[in-house]
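Here are my notes on the model, point by point. Please read them with the structure open.

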Amino acid sequence: MHYEEIIQSTIKKNNSKIVLLVLDGVGDIRSPQFHNKTPLEYAHTPTLDTLAKKSVMGRMYPILPGITPGSGPGHLGLFGYDPLKNIIGRGVLEAVGIDFTLKPHDVAARCNFATMDEKGMITDRRAGRIPTEVTQKLCEILQTIKEIDGVEIIIKPGKGHRFVTVFRSKQKEIGSLINDTDPLVEGKAPLLAKGKNPPSQFLSQVINQFVEKGYELLKNQAPANAFLLRGIASKPKIPSMSEKYLLESAAIASYPMYRGIASLLGMTLLPAPDSIEGLFQTYVDYKQKYDFFFIHVKGTDQAGEDGDFESKVKCIETVDKALPILLDHMPDVLAITGDHSTPCAMRSHSFHPVPILLHSAFSGIDDVEVFHENACNAGGLGFFESRYLMGLLLSNAKRLDKFGA
């Protein structure tokens, strides 16, 4: 019997409340260029450290040791969906996250506005993180591209420098087995889209034409004179949190991608103010209506990707200062962790395990008295794959019966 089957055979309902607070990309590494401390070590976090003294700690591998996760697999693992078996393309997550209704055969891509030099090389993959208002105006320009070879082109602005492109065809089958056009590093040209089967090859030709036409339209729109496509995918079938865990679940997340993941898993999308205090207050306002709350903080990941140690520290300290709003309405089970690590020294997602703090009346207390990566190495939870976290949360909430006689 597999792990998920054991969960299914022992799951039960009760009135307990579970909160999973995800500080996106919070994991980091010690580096000489950043005080030889991680942001969690360097930050002043009296609330987290007080909570650590009453909790149990550990480290989680988002997928497997040595494997660097994308945000989609990283979050799926946190919710107990094996990221090696449940594949959801980033384009789908972004589309669903902005409340776009995907039809069964639609193909969606998550797109970044970018900066390209006169030689056709990408100099900034995020176009200086242009604001949402600028992205909206640029999308209006691209929306003049209505159709290519019978494929409808639907463009919707997202948050910041991101937007969604949906490809829809009533006449010809289109596939989604297509590579990203993002070279993933500055100083290289965008990649040509290439399909792995005939329907995908057809759509890849459409995508390349779309990129060519789009670049021509944007050529004078500095700094966002180009765009990159990632996560080209169609919508999969996946069981909801209610079906899987008998949980009425809610998400408090502002960024489209994470709202998309939550929506695909059947979570109710609650108001998500821009402030961290606002995120925690939303939990307080809706506490009685749901069993499980996913609260997402983006700032830690964004700072890590920018190599901005000070901003990552500041975001952690802001969370710590606001945390009493949540703790004054303590759920039965609280977990604080990340979906992956984003070390400032690497300026990208990484393979490093993430710290995890787990608190409940039954979690136990280990000898760790502060919450950061190196302290968590000695925690009572040890090292484990994140897909096992939901089992721990459910058992601490007394939502799992004994297995076997």
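1. Lining of the largest cavity. Its residues divide into four nonpolar, three polar and three charged. Here Ala, Val, Leu, Ile, Met, Phe, Trp, Tyr, Cys and Pro count as nonpolar, Asp, Glu, Lys and Arg as charged, and the others, Gly among them, as polar. The lining residues are Y3, E4, I7, Q8, G80, K244, Y245, R387, M390 and G391. A cavity is a set of points, on a 1 Å grid over the protein atoms alone, where a 1.4 Å probe fits but cannot get out; lining residues have an atom within 4 Å of a point.

2. Basis of the model. This is a predicted model: local features need pLDDT of at least 70, side-chain atom pairs count only at pLDDT 80 or more, and totals for chains, interfaces and linings use all residues. Residues are numbered from 1 along each chain as its sequence is written, and side-chain values use heavy atoms, with hydrogens and water left out.

3. Where the lining comes from. Helix α1 (3-10) gives the most to the largest cavity, with four residues. α1, α8 (241-245) and α15 (389-396) each supply at least two. Helices (H or I, at least four residues) and strands (E, at least two) are DSSP runs, numbered from the N terminus. The space inside is about 80 Å³. That volume is the space filled by probe spheres set on the points, with grid points joined across faces, edges and corners.

4. The structure holds two cavities of 30 Å³ or more.

5. V92 is found in helix α5 (residues 90-97). V92 is buried, because its relative accessibility is 0%. Buried means under 20% relative accessible area, exposed over 50%, partly exposed in between (1.4 Å probe, protein chains only). V92 and M257 are 165 residues apart in sequence, yet 8.5 Å apart in space, C-alpha to C-alpha.

6. In one of them, D28 pairs with K312, and the closest N and O atoms are 2.8 Å apart. D28 lies in the loop between β1 (18-23) and α2 (39-42) and K312 in helix α12 (residues 309-322), so the pair ties together parts 284 residues apart in sequence. D28 counts as buried at 3% relative accessibility, and K312 counts as buried at 0%.

7. R129 and E305. Their side chains meet in a salt bridge (3.4 Å, N to O). R129 sits in the loop between β4 (122-124) and α6 (132-142), and E305 in helix α11 (residues 299-305), 176 residues apart. E305 is buried, with a relative accessible area of 12%. R126, R129, E305 and D306 are linked in a network of salt bridges.

8. R387 again. R387 is one of the residues lining the largest cavity. The side chain of R387 also meets that of E385 in a salt bridge (3.0 Å, N to O). E385 is partly exposed, with a relative accessible area of 22%.

Methods:
1 Å grid on protein atoms, 1.4 Å probe; cavity = no way out; pocket = protein on both sides within 12 Å on 5 of 7 lines; lining within 4 Å. Salt bridge = Lys/Arg side-chain N within 4 Å of Asp/Glu carboxyl O.
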